[in-house]
Amino acid sequence: MLGQSISLAILLCFVSTSFENGTVERNSTDTVLSDGKSFFNDSKLNETKVEDTAEEQLRVPELHEKKEETRKSDCPPVGLESLRVSDYQLQASSSLRSGLGPHRARLNVQSGIEDGDDYDGAWCAGLEDHEQWLQLDALRPTLFTGVILQGRNSIWSLDWVSTYKVQFSNDTETWSPCMNGSEEVVFVGSQDQETPVLALFPEPSVAQFIRINPQSWFNNGTICLRAEILGCPMPDPDHQYPVEPERVTTDKLDFRHHNYNEMRKLMKAVSDECPDITRIYTIGKSYTGLKLYVMEISDNPGKHELGEPEFRYVAGMHGNEALGRELLLNLMQYICHEYKRGNQRIVQLVKDTRIHLLPSMNPDGYEAAYEKGSELSGWALGRYSFEGIDLNHNFPDLNNIMWDAQDLATDKKKVSNHYVPIPEYYTTTEATVAPETRAVINWMQDIPFVLSANFHGGELVVTYPFDCTRDWIPRQDTPTADNDFFRWLAAVYATTNLAMANPDRRICHYEDFQQHNNIINGADWHTVPGSMNDFSYLHTNCFEVTVELSCDKFPHASELSVEWENNKESLLLYMEQVHRGLKGVIRDKDTKEGIANAIIKVAGLDHDIRSAADGDYWRLLNPGEYRVIVWAEGYFPLVRQCSVGSDLRPTICDFSLTKTPRERIKQILAKGGKLPRDEQLRLRALRMRKLRVSTKILNRRREQQQRHAKAKRK
């Protein structure tokens, strides 16, 4: 016990709550700790304003640090949410049924649609009395410092524990209650299903076992809870308690969570360290005015090189899914360090690829989750944009536009299978399109991306297009024409990810993705109309998958170095896949100039791509022999046989097109014929111009509103 050496400030028990004046009656033997305010939910500290200047934002971390000195838990979560704690370490006095057993008492665990299966949303006691308990065996002496409680995840039931006690033991026979002086403490628990509530113990206690003992619960519900426990393993110099060795990284990277200003500083530090291969640029702003920063890594930053493919990683589409953000910040540091060391793999990657890293697509959402903290932001806080928009449903639904056109067409071959234009309604100022989404769409137009992945959290799986089902079916395998290559891309990441590839890992929530080798068609998991993956595939040349990085959406900082090792090889190997398939340049046979927007069609694959502004193209393909047809407006089509090998380098397959002679044009027109015109391309360009115009109007309008609001405050 450490009580004698802890200051009065530490002896106070703070409880983070979602209500202002929660109180619980006090009896003669118990101390009720309620209505506490910790640094996790200080209202003045966490209040953010749209009009905060960069200097004001920079001071936020300092405020956190000062508050933290007053009262904090230095001990991290023991790992109920992250699954470091195994099911056998959790026991309970009773369970309502197997699907509500102690193995489901994990913070933020999600239930399936149906109650009653083996994967319900909490531990629920089989009896309703004050003798029920949930027990953790930490497997070794541990300094326990606090508990985070949450109610049951269910769309059918309302269940949570309102107050509880805590006991400690080293043998499960003798139990010592958590005390505040001479009185046993009753902690304030949940007031709803989802808000995590933190309680820090008056005196940290060393024990191997800890019990949570519910005392009261929601009147119309029963005893159900999800939890995380904070604790530090005690030193074990004699190795009495065997533990599995954790993967330790040798990479000297900044393993912590970075808020907006800290992210900017880190990116600038990387750029300053490696100025010859890096460039920082912005693609737009969030609703509150935070910039969407991109780190470019290339041997010629700022320039598209003929024949060099463009690659992107996007993280933070859902602001509370924070691991992807930190992995991309780690990745840019790692590439910089290894390039300077002369690591030939990294040098070759930088030389042959133009890499773009967007660590935070939804910075407003991230800041909201960051202010609460990794364990207290819950499952949804920060997921949506400032306007409440889910960015992964906010892109134009081009799938159904294409499918509807195919259903109505008498000749389906005449329906475009690529470069599908944005619909007219989407280009107006009245359309519900987030500024973040508009910025990313504009980014996609400016750079001829070939391959991408976007990072999410809350599961361990890689999904590939299509994400949207036909006919609005809730879930159904809906493959693209490039299904085989997409499955290859997904497998590349999943099989090299140390967490996904672990055959002994526990499922995150209720879906067993290991039976699918940790990859799945997005629509076969759940339909997502308006996803970035599908838009990228149908509107641009870029192939994109979604990587669900971890069961825990916002892992504790202590987990970040392990997660880096889990993902490092996957991140690198996936980027290298941009060099598979065919590449080349489409040129005018006479002038030798590149031809932009030429159509590259692969026989047998109902998805075409286009050449970039300089005439270069990249067609991702698995090994094999392919018949490739190239056509551009005003030119005769050309056919070539191209072979793709299994090596990680593309096959060069150039095309020189011959212009249609004027005599031939006259003959066609004289016979009443029509010249083939690329109307799809014209319509796509027109709609994009309209979207950019409406975006400028909305940006000016929003900036004016923010200036007026700031002036009123003065």
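Q: A pocket is an open set of grid points with protein on both sides within 12 Å along at least five of seven lines, and its lining residues have an atom within 4 Å of a point. Which residues lie nearest the centre of the second largest pocket?

A: Keep in mind that this is a predicted model. The second largest pocket has a volume of about 1,000 Å³, and 39 residues line it. Those nearest its centre are W379, R383, Y510, W525 and H526.

Q: Which elements each supply at least two residues of the lining of the second largest pocket?

A: By class, this lining divides into 9 nonpolar, 17 polar and 13 charged residues. Looking at where they come from, at least two residues each are supplied by helix 12 (522-525) and strand 19 (543-548).

Q: Let's move to the largest pocket: which residues lie nearest its centre?

A: The largest pocket has a volume of about 1,500 Å³. Its lining is made of 43 residues, and by class these are 21 nonpolar, 9 polar and 13 charged. Nearest the centre you will find L83, R84, V85, E244 and E246.

Q: What is the volume of the largest cavity?

A: Rolling a probe the size of a water molecule over the atoms shows where empty space is left. A cavity is a place where the probe fits but cannot get out, and the count comes to 5 cavities of 30 Å³ or more. The lining of the largest cavity includes L83 and W379, and its residues divide into 7 nonpolar, 2 polar and 2 charged. The volume of the largest cavity is about 50 Å³.

Q: Is helix 8 largely enclosed by the rest of the structure or largely open?

A: Helix 8 spans residues 363-372, and its buried residues are P363, D364, G365, Y366, E367, A369, Y370 and E371. Because 8 of its 10 residues are buried, helix 8 is largely enclosed by the rest of the structure.

Q: Which residue just after helix 8 takes a positive phi?

A: Follow the chain to the end of helix 8, at residue 372. Just after it, a positive phi of about 105° is taken by G373.

Q: Is H579 buried or exposed?

A: H579 sits in the loop between helix 14 and strand 20 (582-588). Buried means under 20% relative accessible area. The relative accessible area of H579 is 13%, so this residue is buried.

Q: Which residue's side chain is joined to that of H579 by a polar contact of 2.8 Å?

A: Leaving aside residues up to four places away in sequence, H579 touches P309, D352, T353, L648, R649 and P650. Side chain to side chain, the polar contact of 2.8 Å joins H579 to T353.

Q: Zooming out, what percentage of the residues of the protein count as buried?

A: The protein has 16 helices and 27 strands. Among contacts between residues at least 6 apart in sequence, 77% join residues at least 24 apart. Its accessible surface comes to about 30,800 Å², with 50% belonging to carbon and sulfur atoms. Of the 714 residues, the share that counts as buried is 57%.

Notes
Residues are numbered from 1 along each chain as its sequence is written. This is a predicted model: local features need pLDDT of at least 70, side-chain atom pairs count only at pLDDT 80 or more; totals for chains, interfaces and linings use all residues. Side-chain values use heavy atoms; hydrogens and water are left out. Helices (H or I, at least four residues) and strands (E, at least two) are DSSP runs, numbered from the N terminus. Buried means under 20% relative accessible area, exposed over 50%, partly exposed in between (1.4 Å probe, protein chains only). Contact means heavy atoms within 4.5 Å. Accessible areas come from the Shrake-Rupley method with a 1.4 Å probe; for residues, only the protein chains shown count as cover. On a 1 Å grid over the protein atoms alone, a cavity is a set of points where a 1.4 Å probe fits but cannot get out, and a pocket is an open set with protein on both sides within 12 Å along at least five of seven lines; lining residues have an atom within 4 Å of a point. Grid points are joined across faces, edges and corners, and a volume is the space filled by probe spheres set on the points. Ala, Val, Leu, Ile, Met, Phe, Trp, Tyr, Cys and Pro count as nonpolar, Asp, Glu, Lys and Arg as charged, and the others, Gly among them, as polar. A polar contact is a pair of N or O atoms within 3.5 Å; within protein, one must be able to donate a hydrogen and the other to accept it, and residues adjacent in sequence count only if both atoms are side-chain atoms.
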